[in-house]
Amino acid sequence: MPVTHEDILHWLQQSAQVLHEYSAFLTQLDSAIGDADHGINMDRGFTAVNAKLTGLSDADIGTMLKTVGTTLVSTVGGASGPLYGTAFLRAGMVSSGKQSLETSDLITLFDAALEGVKVRGKAQAGEKTMLDALIPAIEAGKQAAANQLSIAQVLQNMTAAAEAGMKNTIEMVATKGRASYLGERSVGHQDPGATSCWLILQAFSDTMTP
Ligand code: ADP
Ligand code: MG
Ligand code: MG
């Protein structure tokens with residue numbers, strides 16, 4: 001079963017709900033190694049996204065994702081707004097005109113999102129950022145796709161890899177973003193952005209799991 005327009009709507013609604021529920025937790029993580037606003041930022045951004053969804057009932061998937069991107073860029077302050085915004089914009093650009101997504105489209109979409117985050121943030125794996133959830137997730141997704149697994153299973157494997165990657169950030173030294181100001185003192189704390197990335201992937205996986 002491909003990912004449909006309705007699935008994308010549901011995923012975005014589910015993301016907004018989960019980021020709202022986890023807002024205090026994300027902010028708590030950011031209070032340890034940042035400026036205690038990541039949950040507030042993500043909740044604000046996805047509340048604005050949620051408000052736009054009713055106007056997108058006839059839009060193709062590319063338009064939907066591009067709208068998410070511009071909404072996040074314009075409503076979220078801080079590093080995460082432009083980074084997630086660019087991710088969704090790039091994902092939307094490679095999904096232009098599409099009404100549904102097959103597994104290969106999904107991999108293309110995530111690759112484009114990843115490339116956007118990398119270009120925008122100039123970070124790479126192992127720097128204690130959202131990339132440390134996203135990169136292993138995409139690797140797991142490609143593996144699952146190569147093994148002909150269902151889209152639900154692909155997303156479940158991606159979510160599991162994102163969760164493991166998120167946990168691996170605890171032992172990392174931050175070298176990008178605000179947490180890098182702490183240097184070695186950032187060790188022992190889970191990265192907030194890797195955590196929100198896991199939550200957003202989990203929302204997608206939950207949407208596609210029958
Ligand atoms: P700010 O740090 O501006 O307050 P947020 O608290 O909303 O923004 O987001 C912080 C998160 O952004 C970090 O936990 C990290 O995952 C992510 N991040 C910061 N800088 C980068 C970067 N250069 N590349 C990728 N992700 C980054
Ligand atoms: Mg912050
Ligand atoms: Mg901030």
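**Entry 1: α1 and α3**

I looked up the handedness of the crossing of α1 and α3, and it is left-handed. The model I am reading is a predicted one. Helix α1 covers residues 5–21, and its axis comes within 9 Å of that of α3, crossing at roughly 150°. Angles over 145 degrees count as roughly antiparallel, so α1 is roughly antiparallel to α3. Next I listed who makes the contact. From α1 I have L12, Q13, S15, A16, L19 and H20, and from α3 I have M42, D43, F46, T47, V49 and N50. Sorted by kind, the residues of this contact are 6 nonpolar, 5 polar and 1 charged.

**Entry 2: α5**

I turned to helix α5, residues 80–93. It has 14 residues and reaches 20 Å from its first C-alpha to its last, close to the 20 Å expected at 1.5 Å a residue. Then I asked how many residues of α5 are buried. The count is 11 of the 14, so α5 is largely enclosed by the rest of the structure. I wrote down the buried ones: S80, L83, Y84, G85, T86, A87, F88, L89, R90, A91 and G92. What do they pack against? I found α3 (38–52), α4 (61–75), α6 (103–121) and α9 as the partners of these buried residues.

**Entry 3: α7 and α8**

I took helix α7 (residues 131–146) together with helix α8 (residues 151–168). Their axes are 7 Å apart and the packing angle is about 150°. That makes α7 roughly antiparallel to α8. The crossing of α7 past α8 is right-handed. On the α7 side of the contact I noted D132, A133, L134, P136, A137, E139, A140, G141, A144 and A145. On the α8 side I noted Q153, V154, N157, M158, A161, A162, A164, G165, M166 and N168. The contact of α7 with α8 divides into 13 nonpolar, 5 polar and 2 charged residues.

**Entry 4: α8 and α9**

I followed α8 to helix α9, residues 192–208. The two axes come within 9 Å and cross at roughly 160°. The helices α8 and α9 are therefore roughly antiparallel to each other. I recorded their crossing as left-handed. The α8 residues in this contact are I151, A152, L155, Q156, M158, T159, A162, E163, G165 and M166. Those of α9 are A194, T195, C197, W198, L201, Q202, F204, S205 and M208. By kind, the contact of α8 with α9 holds 12 nonpolar residues, 6 polar and 1 charged.

**Entry 5: C197**

I picked C197, which sits in helix α9. Is C197 buried or exposed? I counted 28 other C-beta atoms within 10 Å, so C197 is buried. Setting aside its neighbours within four places in sequence, I found C197 in contact with M130, A133, L134 and A162. I also checked Q153 against C197: they are 44 residues apart in sequence, and their C-alpha atoms are 18 Å apart in space.

**Entry 6: G183**

Last, I looked up G183, which lies in the loop between α8 and α9. G183 has 11 C-beta neighbours inside 10 Å, so it counts as exposed. I then took G183 with G85, 98 residues apart along the chain. Their C-alpha atoms are separated by 27 Å. In my notes G85 is among the buried residues of α5, whereas G183 is exposed.

Technical notes:
Residues are numbered from 1 along each chain as its sequence is written. Chains are lettered from A and ligands numbered from 1 in the order in which they are written. This is a predicted model: local features need pLDDT of at least 70, side-chain atom pairs count only at pLDDT 80 or more; totals for chains, interfaces and linings use all residues. Axes are lines fitted to C-alpha atoms, for helices over the stretch in contact, and angles run from 0 to 180 degrees between N-to-C directions. Helices (H or I, at least four residues) and strands (E, at least two) are DSSP runs, numbered from the N terminus. Angles under 35 degrees count as roughly parallel, over 145 as roughly antiparallel, 65 to 115 as roughly perpendicular and the rest as oblique. A crossing is left-handed if the near helix is turned anticlockwise from the far one by less than a right angle, and right-handed if clockwise. Two residues are in contact if their C-beta atoms, placed from the backbone, lie within 7 Å. Ala, Val, Leu, Ile, Met, Phe, Trp, Tyr, Cys and Pro count as nonpolar, Asp, Glu, Lys and Arg as charged, and the others, Gly among them, as polar. The expected span of a helix is 1.5 Å times one less than its number of residues. A residue is buried if 20 or more other C-beta atoms lie within 10 Å of its own, exposed if 12 or fewer, and partly exposed in between; C-beta atoms are placed from the backbone.
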